[in-house]
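Here is a short tour of a protein model, written to be read with the viewer open.

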Amino acid sequence: MAKVPYAPGITVSGTSARAVIEAVKSFSVLVAELLQVLKVETRDASGALVIDANAWYPVEHYLEAYKKIDTLLGGRGLEKIGTLVPKNAVLPPGLSDAHSVLAGTDIAFHMNHCRDGTPMFDPATGQMLEGIGHYAYRPVEGKKEVHMVCDTPYPCRFDQGLLKGFAQRFEPTATLVHDLSTGCRAKGGASCTYIITW
């Protein structure tokens, strides 16, 4: 996986971490490994480690969890987990089709990250903090096609699955192609471009 820079002091919501754990729950060994990498300390009534949905986890630990998934399951595993995350994601009101959910990806992404304890997107003011990259939405006029340009520190294969999964919540036949002519973060590029059609 390529290392795309991000600002110091970034944390990830427990809700996001829980969605990833839910996506891999059929791999009990992997769940235990991820909880360890995330340095989870919260326990349920039975004493088992669990993600606290109200906690915030350092992004560097979160990214280590993706490296662990890549090591244990490979790129296809990352992509599969990416497609499963949207099934557990709670969508804000107004996201009712493939275009709106893809257009809202960057805002949702920033809402699930904090920088120095401050949410990276404030819905009340519309203010977005920089430092974690973006999911840029570029619709193709008159077509059921969207180009998403991603320059986040998350793995390319995970993002492929995530974006395809979000589109397929509304358009089950949606497909995604990585436009390698524009570069790839996994190969040292600054961003990846994905073409999603339905």
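The report below covers strand pairing, the nonpolar core, a loop serine and the cysteines.

## Strands around S10

Please keep in mind that this is a predicted model.

## The largest nonpolar core

The largest nonpolar core has 53 residues, and the members that touch the most others are Tyr 66, Leu 102 and Leu 163. At least two core residues come from each of strand S1 (10-13), helix H1 (14-23), helix H2 (28-37), helix H3 (59-88), helix H4 (98-103), S8, helix H6 (156-170) and S10. H3 provides the largest share, with nine residues.

Leaving aside residues up to four places away in sequence, Leu 102 touches Tyr 137, Val 146, Met 148, Leu 163, Ala 167, Ile 196 and Trp 198.

## A serine in the S9-S10 loop

Is Ser 191 buried or exposed? This residue lies in the loop that links S9 and S10. Ser 191 has a relative accessible area of 18%, so it counts as buried, the cut-off being under 20%.

Beyond residues up to four places away in sequence, Ser 191 is in contact with Val 149, Cys 150, Asp 151, Thr 182, Gly 183, Cys 184 and Arg 185.

## Cysteines without disulfides

How many disulfides does the structure hold? The count is zero. As a reminder, a disulfide is a covalent bond between the sulfur atoms of two cysteines, and the cut-off used here asks for sulfur atoms within 2.5 Å.

Take Cys 150, one of the contacts of Ser 191. The closest cysteine sulfur to that of Cys 150 belongs to Cys 192, but it is 7.0 Å away and therefore too far for a bond. For Cys 192, the closest cysteine sulfur is in Cys 156, and because the separation is 3.8 Å, this pair is also too far apart for a bond. Cys 150 is buried at 0% relative accessibility, and Cys 192 is buried with a relative accessible area of 0%.

Conventions. Residues numbered from 1 in each chain as written. Predicted model: local features only at pLDDT ≥ 70, side-chain atom pairs only at ≥ 80, totals over all residues. Heavy atoms only, no water. Core = buried A, V, L, I, M, F, W, Y, C linked by side-chain atoms within 4.5 Å. Buried < 20%, exposed > 50% of the residue type's maximum accessible area, 1.4 Å probe, protein only. Helix = DSSP H or I, 4+ residues; strand = E, 2+ residues; numbered from the N terminus. Contact = heavy atoms within 4.5 Å.
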